Amino acid sequence: MTGKLKSRWADEDEDAALEAQRKREKEEKKRAKADKQRRAEEAVREQQQQQEAAAAAEAEAHNGDISSRPTKRRKLTPEHSEPAVREELPLAKLLRFPAPQWKKCRSVEDYEKLNDIEEGAYGWVSRAKDMTTGKVVALKRLKMDNAHDGIPVTGLREIQTLMDCDHPNIITLREVVVGEDTTKIENIFLVLDFLEHDLKTLLEDMSEPFLNSEIKTLLQQLTSGVSYLHENWILHRDLKTSNLLLNNRGVLKIADFGMARYFGDPPPKMTQLVVTLWYRAPELLLGAEIYGTAVDMWSVGCIFGELLTKEPLLQGKNEVDELSKIFELCGIPTDDTWPGFKRLPNARSLRLPKNPVSQGSVLRAKFPFLTSAGSSLLVSLLELNPARRPSAREVLEHTFFREDPKPKSTEMFPTFPSKAGQEKRRRRVTPNAPARGKVPEIKATDFSGIFAGREDEEKGGGFSLKLI
Ligand code: ADP
């Protein structure tokens with residue numbers, strides 16, 4: 001082999017010519033740039049001279065009075081001087097945030113299903129055993145209305161609020177597990193502490209209502225949980241007896257946080273289609289979009305009444321009927337008892353009797369066996385005006401809990417056979433439970449009607465609400 005192998009791509013003569021041409025072009029560009037700069041400088045100089053000449057001519061015209069000359073010449077070129085003192089900036093430091101410790105969700109296959117507890121129109125809850133610890137838990141499948149939209153906000157709120165809670169009267173969320181097929185978003189389960197009863201089923205099955213001392217224990221625990229929620233800026237928005245669980249040691253825990261959400265001060269605008277109808281506060285029925293902890297306190301009042309009689313207190317068939325039943329039991333609102341209620345959206349078309357004197361609360365008459373402390377507590381919880389309802393903390397301080405009979409200690413609480421620990425039950429869904437898995441919206445037919453008081457009844461001091 002002789003000499004150096006010539007590259008297939010290189011052609012030295014041609015390359016040299018190209019290089020020379022590139023150099024020439026570069027020189028030309030440089031020259032053109034210098035020319036342009038020179039011309040610009042000359043133009044500035046010329047303009048300066050013209051201005052000086054004009055100023056001199058003007059001065060002459062003013063008999064050489066130089067005081068009339070502008071003291072400062074207009075700057076034609078920007079000054080590129082450095083600032084006198086330049087602040088020494090400290091070297092920027094990057095902030096470090098600890099990365100979250102992501103933990104992989106365990107599989108639902110780690111649990112052995114024992115029996116279904118609830119399989120209703122909305123939900124699915126089972127009793128199951130953790131195969132590693134042997135602990136019995138409740139598995140609740142997260143509701144998905146439309147799996148394509150991802151996890152509904154209600155599901156996310158249920159997980160978020162429950163994860164943030166740590167209180168003996170609030171159900172413990174142990175973990176979130178997923179089905180084997182992780183591509184299916186509907187396979188998300190909450191692992192909750194298992195409790196033997198819910199108060200609704202228990203009340204339905206009991207032949208006699210709870211004793212007063214037992215009602216106090218239950219109400220105290222419920223209020224204690226609600227107080228914790230409210231002090232931590234959480235509204236439950238679906239308190240009812242089927243969402244209150246009880247174990248065989250007399251401990252009550254608030255469950256079902258599907259409607260719960262954080263609120264603020266002042267509270268934000270929220271949907272009024274929350275809380276199951278029979279436990280829904282009048283301000284929600286009247287369409288208030290700004291409401292607060294008092295909506296939960298109204299539900300506590302309804303639950304108190306239900307514990308006393310074993311029957312839901314206000315079993316309205318629809319929103320209008322519910323409101324009508326509320327007014328029958330708790331009286332008719334007036335501008336004095338509830339200032340501003342007429343400004344609520346659904347109250348504009350509400351026609352109430354002109355002489356509501358005889359339309360006061362009949363709660364005391366309905367519960368004649370309650371002590372005056374007991375009935376004053378019930379009446380205050382079922383105040384139409386939300387501002388008049390006591391806070392959960394105030395309820396806990398109420399004399400009702402200090403007078404005899406005292407609240408029964410949980411260890412002394414009776415035990416009942418557990419339905420949840422046995423066969424599956426299909427429950428009648430409480431009417432008008434708020435829609436799950438989607439932001440509820442008001443249908444035109446829901447509350448678009450107009451309330452009208454019947455003239456004859458108005459005259460007689462009675463009232464009736466009718467949808468026209
Ligand atoms: P949904 O959102 O479908 O209403 P819930 O959380 O209210 O679901 O549960 C429905 C029912 O399942 C409850 O009324 C109760 O009877 C039962 N349940 C729920 N959680 C538990 C639990 N941790 N232990 C025992 N039973 C439970």
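Predicted model: local features only at pLDDT ≥ 70, side-chain atom pairs only at ≥ 80, totals over all residues.
**Close-up views of charged and aromatic contacts**

Figure 1. Lys408 forms a salt bridge with Glu214, and the closest N and O atoms of the two side chains are 2.8 Å apart. Glu214 belongs to helix H4 (residues 212–231), whereas Lys408 sits in the loop between helix H10 (392–396) and helix H11 (444–447), so this contact ties together parts of the chain that are 194 residues apart in sequence. Glu214, at 6% relative accessibility, counts as buried.

**Figure 2. Helix H4, which carries Glu214.** H4 comprises 20 residues and spans 28 Å from its first C-alpha to its last, close to the 28 Å expected at 1.5 Å a residue. Of these 20 residues, 16 are buried, and the helix is thus mostly covered. Just after H4, Trp233 adopts a positive phi of about 65°.

**Figure 3. The salt bridge between Asp256 and Lys140.** The closest N and O atoms of this pair are 3.3 Å apart. Because Asp256 is in the loop between strand E9 (252–254) and strand E10 (261–262), while Lys140 is in strand E3 (residues 136–141), the pair ties together parts that are 116 residues apart in sequence. Both Asp256 and Lys140 are buried.

**Figure 4. The salt bridge between Asp335 and Lys342.** In this pair, the closest N and O atoms are 3.3 Å apart. Asp335 is partly exposed, with a relative accessible area of 44%. Lys342 likewise counts as partly exposed, at 48% relative accessibility.

**Figure 5. A network of salt bridges.** Four residues, Arg106, Asp110, Asp130 and Glu175, are linked in this network. For the structure as a whole, the count comes to 20 salt bridges.

**Figure 6. Aromatic pairs, with Trp233 and Phe263 as one of them.** The whole structure contains 8 aromatic pairs. The ring centres of Trp233 and Phe263 lie 5.1 Å apart and their planes meet at 55°, so the pair is classed as tilted. This pair links distant parts of the chain, 30 residues apart: Trp233 is in the loop between H4 and strand E7 (234–235), and Phe263 is in the loop between E10 and helix H5 (282–285). Trp233 counts as partly exposed at 40% relative accessibility, whereas Phe263 counts as buried at 15%. Phe367 and Phe369 form an edge-to-face pair, with 6.1 Å from centre to centre and 80° between the planes. Phe367 is buried, at 1% relative accessibility.

**Figure 7. A phenylalanine cluster and two charges placed over rings.** Ring pairs join Phe210, Phe413 and Phe416 into a cluster. Lys216 lies over the face of Phe400, at 4.6 Å from the ring centre. Arg141 is positioned over the face of Trp124, at 5.3 Å from the ring centre.

Methods
Residues numbered from 1 in each chain as written. Heavy atoms only, no water. Helix = DSSP H or I, 4+ residues; strand = E, 2+ residues; numbered from the N terminus. Buried < 20%, exposed > 50% of the residue type's maximum accessible area, 1.4 Å probe, protein only. Phe/Tyr/Trp six-rings, centres within 6.5 Å; stacked < 30°, edge-to-face > 60°. Lys NZ or Arg CZ within 6 Å of the ring centre and 35° of its normal. Expected span 1.5 Å × (residues − 1).
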